[in-house]
Amino acid sequence: MRQLLLKGRKMIYIGCHLSVADGYEAMGRTMRRFGGNTFAWFTRNPRGGKSKPLDPADAEALGLLLREEGFGPLVAHASYTMNLCSAKETTRQNGFDMLLKDLQKMEALPGNLYNFHPGAHTGQGTEAGIAQIADALNRALPESSGTTVLLETMTGKGTEIGGRFEELREIIDRVSCKDRLGVCLDTCHVWDAGYDIAGDLDGVLREFDSVIGLKRLRAVHFNDSKNACGARKDRHEKLGQGQIGMDAMKRIALHPALAGLPFILETPNDEEGYIREIRTVRGWMESGE
Ligand code: FE
Ligand code: FE
Ligand code: ZN
């Protein structure tokens with residue numbers, strides 16, 4: 001694929017979440033066919049937490065395809081069951097084991113991103129949860145070297161941590177390997193958390209910058225939302241069919257502060273739907289309007 005350039009001269013990276021069922025290289029081929037140049041996948045079964053062993057030849061074949069096609073950084077996604085700050089010690093320990101193994105596996109695909117939900121404190125309180133997440137990162141990050149780990153912005157439903165930018169900032173503050181730590185902004189999640197990215201995108205990004213710092217922003221999960229701003233529901237919607245709306249999604253895709261980041265669609269779509277959305281976003285970014 002010819003390299004895609006934004007009007008402002010930065011690279012365009014757009015893709016969607018894919019199934020890893022057929023292996024790594026297969027995902028690269030699928031995304032090439034979809035017209036995108038980045039993608040996400042679950043590093044293990046998102047609910048059960050099981051993981052297939054990695055085939056080094058397959059990872060190497062994907063690496064080659066990524067270089068040949070000029071793909072942007074990939075954004076692996078941790079299992080939903082990984083909770084680094086559960087009140088239950090066994091769950092917490094399981095989460096840490098998953099984090100460690102996932103990062104060791106990612107070493108076969110160096111230079112990419114690994115995104116995870118910070119966790120749910122399940123009654124321990126936000127402060128205790130934040131301390132446990134930071135502790136897990138401080139133990140896991142030095143055991144790998146090739147991957148940047150991203151905290152995902154969350155809706156803040158239940159006892160979820162990461163619904164406020166301040167909470168992510170506090171985690172980052174406590175982690176030593178800061179150079180390998182970043183944030184992934186999920187547009188549906190921040191909207192559901194109460195940040196009005198449709199009405200005041202500049203204001204929200206200014207707030208992100210003053211609390212976390214835009215230099216930490218490394219990826220975008222590009223989703224519309226079924227619910228109203230502040231609803232804390234976390235139900236993704238197809239671009240333009242939700243309450244954020246097409247005009248706002250387009251303004252987000254074209255915002256200079258987000259230029260050059262990998263944009264990952266996690267919208268409820270079949271193959272045709274993803275191909276269409278990738279084409280739409282590419283069209284906006286390539287023309288700059
Ligand atoms: Fe997520
Ligand atoms: Fe997400
Ligand atoms: Zn979500």
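Start by selecting His-236: with a relative accessible area of 19%, this residue counts as buried, where buried means under 20%, exposed over 50% and partly exposed in between, using a 1.4 Å probe on protein chains only. You are looking at a predicted model, in which local features need pLDDT of at least 70, side-chain atom pairs count only at pLDDT 80 or more, and totals for chains, interfaces and linings use all residues. Residues are numbered from 1 along each chain as its sequence is written, chains are lettered from A and ligands numbered from 1 in the order in which they are written, and side-chain values use heavy atoms, with hydrogens and water left out.

**Stop 1: the zinc ion**

Now select the zinc ion (ligand 3). Its protein donors are His-189 (NE2), Asp-234 (OD) and His-236 (NE2), at 1.9 to 2.3 Å. Donors are N, O and S atoms within 2.8 Å of the metal (3.2 Å for Na, K and Ca); water is not among the atoms, so sites may look incomplete. His-189 sits in helix 6 (residues 187-193) and His-236 in strand 11 (residues 236-237), so the pair ties together parts 47 residues apart in sequence. Helices (H or I, at least four residues) and strands (E, at least two) are DSSP runs, numbered from the N terminus. His-189 is buried, at 2% relative accessible area.

**Stop 2: the iron ions**

From the zinc ion (ligand 3), go 5.1 Å to the iron ion (ligand 1). Which residue bridges the iron ion (ligand 2) and the iron ion (ligand 1)? Glu-152 does, and the two ions lie 3.2 Å apart. Glu-152 belongs to strand 6 (residues 148-152), while Glu-266, 114 residues apart from it, is in the loop between strand 12 (262-265) and helix 9 (271-287). Select both: Glu-152 is buried at 1% relative accessibility, and Glu-266 is buried at 14%.

Next, show what holds the iron ion (ligand 2): Glu-152 (OE), Asp-186 (OD), His-221 (ND1) and Glu-266 (OE) coordinate it at 2.0 to 2.3 Å.

**Stop 3: the largest pocket**

Finally, select Arg-47, Tyr-80, His-117, Met-154 and Asp-234, which lie nearest the centre of the largest pocket among its 23 lining residues. On a 1 Å grid over the protein atoms alone, a pocket is an open set of points where a 1.4 Å probe fits, with protein on both sides within 12 Å along at least five of seven lines; lining residues have an atom within 4 Å of a point. The largest pocket holds about 560 Å³ of space, a volume being the space filled by probe spheres set on the points, which are joined across faces, edges and corners.
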